[in-house]
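I opened this entry to record what I looked up in the model. The notes follow in the order in which I made them.

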Amino acid sequence: IPNSVTHIGNYAFSGCHMQEITIPNSVTHIGDGAFGGCSYLQQITIPNSVTHIGDKAFSFCKNLQQITIPNSVTHIGDRAFESCYDLQQITIPNSVTHIGDSAFEYCNLQEITIPNSVTHIGNSAFSWCKNLQQITIPNSVTHIGTNPFVECYHIRLKCHSNHFIIDGKALFNKERNRIISCMSNDSTFTIPNSVTHIGDYAFESCENLQQITIPNSVTHIGD
């Protein structure tokens, strides 16, 4: 890619068979699906000029093992790294404020650090990362969408945000009236009386669950 390029357009290299690519530090924007389906791509370095990684920008880069996100990036789009099956490690810099829906869905991540700059964690952001061991929600986060940890069976979740709380192996909003994600391996679970809203896929990861008690305070049960 020549140094004159500032914008990589939507689906510009989608489905190409390249193994490596050099993005010059003139580029500020990586468009939607720009490298999606580049199944032979193993390594890529994003220069510190890039601020925006578009939706599905690197989705289905099945052999991508390593990627460096520079501290210039503020936005990681929806499904940006979805189904990067070999991706085991990635560092999110403290410039990022937005992690999109399903951004890292179906990755092979074992550990990831969410920086204290992130305010938005999208729906299913880390879902089906079945080897993910630990994640901490920083105090900057004000929005968490539909269960971002579906089938993250081994995860140890910590929360430092005042907008959310972990209680009884479940993640709630601070008012405890919405249950976002249950991570219990127990066979029974009792939803507290404060809950009015059970979020979409909230109990998707509870493979041992045999019995659940829903209080009469609940008015909404999600998908």
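This is a predicted model: local features need pLDDT of at least 70, side-chain atom pairs count only at pLDDT 80 or more; totals for chains, interfaces and linings use all residues.

Residues are numbered from 1 along each chain as its sequence is written, and side-chain values use heavy atoms, with hydrogens and water left out.

**Positive phi**

S124 counts as buried because its relative accessibility is 11%. I placed S124 in the loop between β10 (120-121) and β11 (134-137); strands are DSSP runs of E, at least two residues, numbered from the N terminus.

I then turned to K56, another residue other than glycine, with a positive phi near 55 degrees. Its loop runs between β5 and β6 (66-68). K56 counts as partly exposed because its relative accessibility is 38%.

**Two serines in loops**

I located S161 in the loop between β13 (156-159) and β14 (164-166). S161 has 4% relative accessibility and therefore counts as buried. For polar contacts I took pairs of N or O atoms within 3.5 Å; within protein, one must be able to donate a hydrogen and the other to accept it, and residues adjacent in sequence count only if both atoms are side-chain atoms. A polar side-chain atom of S161 lies 2.7 Å from the backbone oxygen of V141, and the S161 side chain reaches the backbone nitrogen of H163 at 3.1 Å. With residues up to four places away in sequence not counted, S161 touches I137, P138, N139 and V141, contact meaning heavy atoms within 4.5 Å.

I found S49 in the loop between β4 (43-45) and β5 (52-53). S49 counts as buried because its relative accessibility is 16%. A polar atom of its side chain lies 2.5 Å from the backbone oxygen of V27. Beyond neighbours within four places in sequence, the contacts of S49 include P24, N25, V27 and S72.

**Nonpolar cores**

I took a nonpolar core as a set of buried Ala, Val, Leu, Ile, Met, Phe, Trp, Tyr and Cys residues joined through side-chain atoms within 4.5 Å. Which residues of the largest core touch the most other members? Of its 53 residues, they are I30, F58, F81, F104 and F126. A second, separate core has twelve residues, among them F172, C182, V195 and A202.

Definitions and conventions. Helices (H or I, at least four residues) and strands (E, at least two) are DSSP runs, numbered from the N terminus. Buried means under 20% relative accessible area, exposed over 50%, partly exposed in between (1.4 Å probe, protein chains only).
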